[in-house]
Number of protein chains: 6
Amino acid sequence: MSYYLSLPVTDDIALVQPTLNMSEAIFSLLDSDRQHLGTFLDFVDLTNKVEDETAYLKMKLTGVANGTDYLFLIHYKGQLAGTIDLHFIDTKNQKAEIGYWIHSSFTNLGITTLAVHKVCEFGFNHLDLNKLTIVADTENQPSNKVAIKSGFTLVSTEKEDVFIHGAFRDMNRYSLLKSNFKAKK
Amino acid sequence: MSYYLSLPVTDDIALVQPTLNMSEAIFSLLDSDRQHLGTFLDFVDLTNKVEDETAYLKMKLTGVANGTDYLFLIHYKGQLAGTIDLHFIDTKNQKAEIGYWIHSSFTNLGITTLAVHKVCEFGFNHLDLNKLTIVADTENQPSNKVAIKSGFTLVSTEKEDVFIHGAFRDMNRYSLLKSNFKAKK
Amino acid sequence: MSYYLSLPVTDDIALVQPTLNMSEAIFSLLDSDRQHLGTFLDFVDLTNKVEDETAYLKMKLTGVANGTDYLFLIHYKGQLAGTIDLHFIDTKNQKAEIGYWIHSSFTNLGITTLAVHKVCEFGFNHLDLNKLTIVADTENQPSNKVAIKSGFTLVSTEKEDVFIHGAFRDMNRYSLLKSNFKAKK
Amino acid sequence: MSYYLSLPVTDDIALVQPTLNMSEAIFSLLDSDRQHLGTFLDFVDLTNKVEDETAYLKMKLTGVANGTDYLFLIHYKGQLAGTIDLHFIDTKNQKAEIGYWIHSSFTNLGITTLAVHKVCEFGFNHLDLNKLTIVADTENQPSNKVAIKSGFTLVSTEKEDVFIHGAFRDMNRYSLLKSNFKAKK
Amino acid sequence: MSYYLSLPVTDDIALVQPTLNMSEAIFSLLDSDRQHLGTFLDFVDLTNKVEDETAYLKMKLTGVANGTDYLFLIHYKGQLAGTIDLHFIDTKNQKAEIGYWIHSSFTNLGITTLAVHKVCEFGFNHLDLNKLTIVADTENQPSNKVAIKSGFTLVSTEKEDVFIHGAFRDMNRYSLLKSNFKAKK
Amino acid sequence: MSYYLSLPVTDDIALVQPTLNMSEAIFSLLDSDRQHLGTFLDFVDLTNKVEDETAYLKMKLTGVANGTDYLFLIHYKGQLAGTIDLHFIDTKNQKAEIGYWIHSSFTNLGITTLAVHKVCEFGFNHLDLNKLTIVADTENQPSNKVAIKSGFTLVSTEKEDVFIHGAFRDMNRYSLLKSNFKAKK
């Protein structure tokens, strides 16, 4: 039985509220999949011990207190599979950016797409946002697929937008307006 | 349909994760029941406008980021009925104090006792605490009943412990150890 | 004779380092052109007294100390005409965004385009940035012209990106890479 | 001759105002009596070099500036013998907790009991507090004796209240009301 | 009987450690002597209500925690007569500046000179300072006399050094080295 | 060609606005002249790696944001030769102190005197200060000459004012009033 605060996505998938004492579990998951996750996500190289993850959780939870962030853990059949978050929450302009990662052992199950859809509901209906954005490395095929399957529209390809592993990478920017999200349902 | 992160207590009762944009709803609930709530709870007199409640939420959410607080909203049949929280969370000594209030229109339904029981589960099993404490004004009969019905033991009556409405009030201190909580189930 | 630290653009135009005691002059300029400037720039409505401008200058100068901002005054023939800045300076990814405004009595003189070009030089050659971005309201023709004349490329039109005067506005995003800036000279 | 600010207790005993440059003396005293002091006091294991003591003094003096703490050194015949403090000072509810430790070479002289009595005078008459509390490990006989000899009443035994040296310890809570303190004199 | 921490100067005079709850008494004293004190002391015009004095005390007590300040109240026959402090305490260069004010009803009794002498002892012997400085408006005869009678040497007259009541004032700077202070005794 | 914000002093000399990414250049200059600079300047011994210089720049730029500091680099024929700054800027009393150092390979060219004169113009005319002060070790002949040649008047010799390399040093204090600076031109 679970004692987490959570938002059910399907019978198998839930978005879970993280607490500080979960940093070890998150770190272990990430640490066991460095090569897969680190290819396109720059924070992986900066997370080298549990304390780094604890500091990250503190930063994100402080963002919740300031209204700029909202981090969820993705649970699949009761197991921690990845994280998904809203960041750059801008209440004045009613927009935010969605970020996510999932461990390689949980890919190809459609988990992330369903999680993104639930976070869109949370952002549009509960936080009253008007627009959500996803940014994905142009070569990160799974991440681009998630954006497209979640109903986001490609807005631009940002050239040389992120510097990672010694090179500039191009990023695709996708966005979804509340009006389009509603129409689709 | 709900988009809140929550921890179900029964089919009707849930503990819900608050976000900053809920401060207006919490303030309205509290503001409509000042006389009842203000008799024994000193924060009521300090909460006079929505901004006070927003500041309180920010303070509590900052406490989550620091690992010292955990605030839940109590929902009954989808309606906001009150709040319950863990404060003074002390990870070194593995203990915390539980506080709660419920609107007068939701009393006598056993909601608070069930909520306390769930928060005990959350504290003992998820946060790995060893002891929980409840402090109740000696004349606040409903609050004392909740403590007793939740399995807490009266530890002491603290004389002249809180100064409210111009007078010192005596407070009952109850506590519950994890070992006793487990034995009871 | 001038005692300001400045970066000459042409014989008539200079970028000048602001100090706190200039807030009154900046406020007066902005205050005398509210209708023109406020149409597309949301900070105008938030700047209602000299103290607001002083607070803004402090924030920007603190950004200089943190390496995230660089604000210049635009002087034309020794007179304050507007401001131009680098913000969101991201040293890891070597990019930043350029913002600018100019008083209506100084428009149509090509001042802003020349100022943008000089800030590009400053950003690419002195701060070693790799990419610069300009964001302009799709209906703000002068601002779009400045971006295009300065050699920036339209990357996207961001739908409903800014909420101003009670409505969402679409924004054009332009960018310029260091490699393209150099090739052009 | 002494240049300290102090509050005389008897001809031999004085409460002395600490300054930052006394941290070395306090550390040496504590460091020379680790086994005795560390049995029941958890801060001893956390104080391993002069800088730890300086940081502690800074924290306590900041507490004085905020009105939450008041730390005194205990001098016996001009020698540093221990410390005594008021912490958790709560001006709204007019209460505080007293803590103390004394070097083993100064025990059995009644010093601490006299110091506690003087701190009670200071708290009740100068800081206008209404209630003072002492918390002592149930097996720390000297500390319990001090509380009782100082006229405090046992209010409760708090089970498993402090985690030290790998085990939970029970704590006795004593309290003294201003009305009882005055009646006794 | 007094419960203050104090440093006796003579049978009648004592330096007393201030606490936050003394701000009302200090404000009343200062407020009853505005014309006399405000002529040469610029902080008088900035202290218009008890809260200003409380904020000042907090600032000074924070200075104690940081090792940069030390404020004493001057008591004469048990009555608050004024204040004296060490500020700009510079432990690297072992120097500080002394400031003082006394209510007009306590002047011509030699109180301040004796208080300065005691603060010199405190600074040289307890805080291990090497040099103390006094700065006095050239027209503030009592203050200049105190400096001279306390054995300080005039070092310079600083032209237009302080701006008060709409005009620049010249200030005399006096200093006293530890070596000279000791020789004199 | 240069992209720095600067204030020209002569055809060869300019005061340049520092940015954080210049810390390496400043550190290298200082590091290559430790013996010469460290004799009289205490910060030299505290600057042992580029990060120390970066921290110093951050502190000074934060001072700009607070209105208490203004740091310039001294460029000679396009090369970094030293720094000059206004510190202790006191807008209430309209005064500040000037500090400077120049690498030994750039001495005897009159650079510092011209830089001081320009900083006086900046301080008196742009920042509206009324008095500027220079403090120089009595044995630091070049620094004393700069003060005198710049029109400053010796106000005092401060005995044992700075503790450096294990000994107290006497310091000459020079000052210049705006009225005298203007009269001289």
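Tutor: Happy to! Over all chains, the count comes to 78 salt bridges, and please keep in mind that this is a predicted model. As background, side chains of opposite charge can pair when their charged atoms come close.

Let's start with C:Lys131 and A:Glu158, which form a salt bridge whose closest N and O atoms are 3.3 Å apart. C:Lys131 sits in strand β6 (residues 131–137) of chain C, while A:Glu158 belongs to strand β7 (residues 153–164) of chain A, so this pair joins two chains. Are these two residues buried or exposed? Both C:Lys131 and A:Glu158 are buried.

Now move to chains B and D. D:Lys92 forms a salt bridge with B:Asp42, with 3.1 Å between the closest N and O atoms. Here the pair runs between loops: D:Lys92 is in the one between β4 (79–90) and β5 (95–102) of chain D, and B:Asp42 is in the one between α2 (34–38) and α3 (50–66) of chain B. D:Lys92 has a relative accessible area of 35%, so it counts as partly exposed. B:Asp42 is partly exposed too, at 27% relative accessibility.

Next, look at B:Lys92 and D:Asp42, whose side chains meet in a salt bridge of 3.1 Å, N to O. B:Lys92 lies in the loop between β4 (79–90) and β5 (95–102) of chain B, and D:Asp42 in the loop between α2 (34–38) and α3 (50–66) of chain D, so this pair also joins two chains. With a relative accessibility of 36%, B:Lys92 is partly exposed, and D:Asp42, at 29%, is partly exposed as well. Elsewhere, salt bridges with shared partners connect A:Lys95, A:Lys131, A:Arg173, C:Glu158 and C:Asp161 in one network.

On the chain A side, the residues that touch chain B divide into 17 nonpolar, ten polar and three charged. Chain A and chain B bury about 2500 Å² between them, with 62% of that on carbon and sulfur atoms. In chain A, the residues that lose the most area to chain B are A:Tyr3, A:Leu5 and A:His126, together 30% of what that side buries.

Notes
Residues are numbered from 1 along each chain as its sequence is written. Chains are lettered from A and ligands numbered from 1 in the order in which they are written. This is a predicted model: local features need pLDDT of at least 70, side-chain atom pairs count only at pLDDT 80 or more; totals for chains, interfaces and linings use all residues. Side-chain values use heavy atoms; hydrogens and water are left out. Buried area is the accessible area (1.4 Å probe) that two parts lose on being put together, summed over both. Ala, Val, Leu, Ile, Met, Phe, Trp, Tyr, Cys and Pro count as nonpolar, Asp, Glu, Lys and Arg as charged, and the others, Gly among them, as polar. A salt bridge is a side-chain nitrogen of Lys or Arg within 4 Å of a carboxyl oxygen of Asp or Glu. Helices (H or I, at least four residues) and strands (E, at least two) are DSSP runs, numbered from the N terminus. Buried means under 20% relative accessible area, exposed over 50%, partly exposed in between (1.4 Å probe, protein chains only).
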